[in-house]
Amino acid sequence: MNILIDSVYPCSCGYYSDSLKPCTCTPALVTKYQKWISGPLLYRIDIHIEVPRVDYEKLSGDRVRETSESIRARVQAARDRQRNRFSNNESSIVCNADMRVGKIRQFGRLQAEGGVLSVSKH
Ligand SMILES: [Zn+2]
């Protein structure tokens, strides 16, 4: 399996739909550019994600970031809870992703307050 990750500008000047800098292209030029980019290239890419501008300061600042060790501990704790949840189960389920509808009904039943909240949102 090969994975292709690519990025393209949304227009010739690169600022179409940008939140800070205006695009200098005409609508016709934007359309022409996007048609030129699409076709054979986009046809071969399965997932398309539009990524908005990210401030350099946010990426390079001295924010306190969660360490990989901390993330690993959270993931491991979640896995331990899942393993405990399914430990008395006769099936081969080891994590939430393995559950089918019947197991979701068995283990994922909403508490009364959650059910009321869920119904009121729809
Ligand atoms: Zn532009």
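This note sets out numbered points on the predicted model of a single protein chain.

1. **Confidence.** The model is predicted, and its average pLDDT over the protein chain is 85. A score of at least 70 is reached by 93% of the residues. The highest mean belongs to helix α4 (residues 68-85), at 94, while the lowest is that of helix α6 (residues 112-120), at 67.

2. **Secondary structure.** The protein chain contains 6 helices and 0 strands. Followed along the sequence, the pattern is accordingly α-α-α-α-α-α. The radius of gyration is 23 Å, well over the 14 Å that the globule rule gives for 122 residues, so the protein chain is more spread out than a compact globule.

3. The C-alpha trace spans about 65 × 45 × 40 Å along its principal axes. Among the 122 residues of the protein chain, 1% count as buried. Of the contacts with a separation of 6 or more, 19% are made by residues 24 or more positions apart.

4. **Domains.** The domain assignment divides the protein chain into domain 1, covering residues 1-52, and domain 2, covering residues 68-108. Between the C-alpha centres of domain 1 and domain 2 there is a distance of 40 Å.

5. **Helix α4.** This helix has 18 residues. From its first C-alpha to its last it reaches 25 Å, close to the 26 Å expected at 1.5 Å a residue.

6. **A73, within α4.** Residue A73 is found in helix α4. It is exposed, since 11 other C-beta atoms lie within 10 Å and a residue with 12 or fewer is classed as exposed. A73 and V8 are 65 residues apart in sequence, and their C-alpha atoms are 37 Å apart in space.

7. **C11, a buried position.** Residue C11 is placed in the segment before α1. It counts as buried because it has 22 C-beta neighbours inside 10 Å, where the threshold is 20 or more. Leaving aside residues up to four places away in sequence, C11 touches Y16, C23, C25, V30 and Y33.

8. **S17, a backbone point to check.** Residue S17 also belongs to the segment before α1 (27-37). Its phi is near 70°, a positive value in a residue other than glycine. Most residues other than glycine have a negative phi. S17 is exposed, with 11 other C-beta atoms within 10 Å.

9. **N89, in a loop.** Residue N89 lies in the loop between α4 and α5 (101-107). With 13 C-beta neighbours inside 10 Å, N89 counts as partly exposed. The C-alpha atoms of N89 and K35 are separated by 54 Å, and the two residues are 54 apart along the chain.

10. **Summary for the reader.** The predicted model is a chain of 6 helices and 0 strands, assigned to two domains, 1-52 and 68-108. Burial is limited to 1% of the 122 residues, and C11 counts as buried.

Note on methods: Residues numbered from 1 in each chain as written. Predicted model: local features only at pLDDT ≥ 70, side-chain atom pairs only at ≥ 80, totals over all residues. Domains from an automatic or database assignment. pLDDT = per-residue confidence, 0-100. Helix = DSSP H or I, 4+ residues; strand = E, 2+ residues; numbered from the N terminus. Rg over C-alpha atoms; globule rule 2.2 N^0.38 Å. Contact = placed C-beta atoms within 7 Å. Expected span 1.5 Å × (residues − 1).
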